[in-house]
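Hi everyone, thanks for coming. Today I'd like to walk you through some charged pairs and a couple of backbone details. Let's bring the model up on the screen.

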Amino acid sequence: MLKLLKVLSLLHLLAPSKLARIGFAIHQNGINLMLLFALTDKTHKEKTALVDSRESISYQELQKRSENLAYVLEGKYGLGKNRRVAFLCKNHASLVQGIFAVSRLGADVYLLNNSMSQLQFDRRVEEYNYDLLIYDHEFSGLINNSPYQNPKIASDYENNEAIRSWFDSPLCKNRKLKASSSGKIVLLTGGTTGKPKPVVHRPSLVNFLDPFAALLDRLRLSQYSTAYIATPIYHGYGIAVLLAFFALGKKVIIQDSFEAKQACALVRHHQVEAITVVPLMLHKMMTHDQVALGSLRCIASGGAKLNPALVKEVNDRLGNVLYNLYGTSEAGLNIIAVPEDLNYHANTIGKAIKGGRLRVTLEGKEVGQGNIGQLCIRNKWSMMNSPTRWIQTGDTGYQDANGYFFLCGRTDDLIISAGNNIYPLEIEAILTGHPSVKDAAVIGVEDHYSGQRLKAYVQLHSGKTLANEELLGWLETQLAKFQIPREIVFVDGLPYTELGKLDRKQVETLTNHQEMTI
């Protein structure tokens, strides 16, 4: 109860009239994502809620369109509890309104990664047998070549049969939607060839009080009026932050895709104060136009490691505005590093948020401070369908004596060389600390004598030169002998996934000064 009161106080919702409004909304519609509109003061209904690449929408209009769409989806497709609706869309208003409408009906929301292959999509269709698919027209080929046979709706604005054409239709007066609890929100994780793993979350005000309070408190979200979500909404990080900003009644900016020039222009034009990014996005924006980013007071980075050199660059150019968020699709948000934490150590992912438990384990046993093991998490807001209460993140790391957590890499990235356990992330952080090195990746190569030997791929800053022997000599002063790469390959760039994570499988295909597009 104290947690709930704290959140309501931060949202300025403790006034009797506001509590009554929320109670009435629950009675009329049930507890689903549409409840967020009840948090917005009546006098602020005309405030801009959402800006995409085509239009700006007020909170009042967003609510009306979502309600209208819910009526149409129920009447035309019979959507309701236990029905499955998949979204294959980029970031735009139709996606957001579709998610709200489906949640209002109590159906389950499946958010699909729009960069998946034909094989991946086919497997998801066969596994989950969606009742309805809402998609962008550009993915028509993927759908037409798949076994999907159930109803589908295009989201495109230019298509007369798309859901966009239903937003402005009058509400059906001869019937009333039943109150319903929100269905599940399902994120699908997994590799390009492996079986997708369903990560099921049920929106719950009680369960998500702790992470929501942490965002409000540590990131000071309530202080900002405009936010730009540059990360994909289909990713757990993207949709979580989107809903948090809507709960606060803020203006949210989204775009179909990310491009550094456009992103910088948006920040400048809208005087954006808070932005969500992956480190690669932030790096590209800093490279393109640092001056345009002057309005930012909160840069929330997540989804991939933060390069210490990038942390320093942001601090030097923009001040103490960088935050590092750590979470997983399965376990949600669990650790936050505020600017002061990154000043303590640029490599830290911060301290655990309240309400969750974290432990570092090795071979199933918890290890002490300073010892490396797998991060395991237990909390109320984790995936519903986990077989155990403790979720193994697949990330290795450790906690220092002051309570700060540090990542060492993925469990499957571990390199064992001559009996030594070596974590690439640790070596990569040292490499990027060299003034001439822009980026680096370290992998293990099979070796007849040592099992694996270390191989480093190094990208230099533009205009810099560095001899192999010079870099090796420098590394000898920074690392233990068994951590020093046996081979160094200088390349023009390193491959990254759409979410800004280093693609280690692609790294292995690089050759000296091979051109890469990132």
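This is a predicted model: local features need pLDDT of at least 70, side-chain atom pairs count only at pLDDT 80 or more; totals for chains, interfaces and linings use all residues.

Which residue forms a salt bridge with Lys455? The partner is Glu487, and the closest N and O atoms of the two residues are 3.7 Å apart. Glu487 sits in strand β25, residues 487-491, while Lys455 belongs to strand β24, residues 451-460, so this pair ties together parts that are 32 residues apart in sequence. Glu487 comes out at 29%, which makes it partly exposed.

As a reminder, side chains of opposite charge can pair when their charged atoms come close.

Let's go to Arg83 and Asp131, whose side chains meet in a salt bridge at 3.4 Å, N to O. This pair links distant parts of the chain, 48 residues apart: Arg83 is in the loop between α3 (59-77) and β3 (84-88), and Asp131 is in the loop between α5 (118-128) and β5 (132-135). Arg83 is partly exposed, at 26% relative accessible area, and Asp131 is partly exposed too, at 22%.

Next, please find Arg268 and Asp289, where the salt bridge is 3.1 Å from N to O. Here Arg268 comes from helix α9, residues 260-270, and Asp289 from the loop between α10 (279-288) and β12 (298-301), so to speak distant parts of the chain, 21 residues apart. Arg268 has 42% relative accessibility and counts as partly exposed; Asp289, with 22%, is partly exposed as well.

Salt bridges can also join up into a network, and the one I'd show you links Lys305, Asp413, Glu428 and Arg504.

Now for the backbone. Which way does the phi of Asn129 go, positive or negative? It is positive, about 45 degrees, although Asn129 is not a glycine. You'll find Asn129 in the loop between α5 and β5, and at 51% relative accessibility Asn129 counts as exposed.

Glu363 is another residue to look at: its phi is positive, about 55 degrees, and it is not a glycine either. Glu363 lies in the loop between β16 (357-362) and β17 (365-366), and with a relative accessible area of 79% Glu363 is exposed.

Terms used
Residues are numbered from 1 along each chain as its sequence is written. Side-chain values use heavy atoms; hydrogens and water are left out. A salt bridge is a side-chain nitrogen of Lys or Arg within 4 Å of a carboxyl oxygen of Asp or Glu. Helices (H or I, at least four residues) and strands (E, at least two) are DSSP runs, numbered from the N terminus. Buried means under 20% relative accessible area, exposed over 50%, partly exposed in between (1.4 Å probe, protein chains only).
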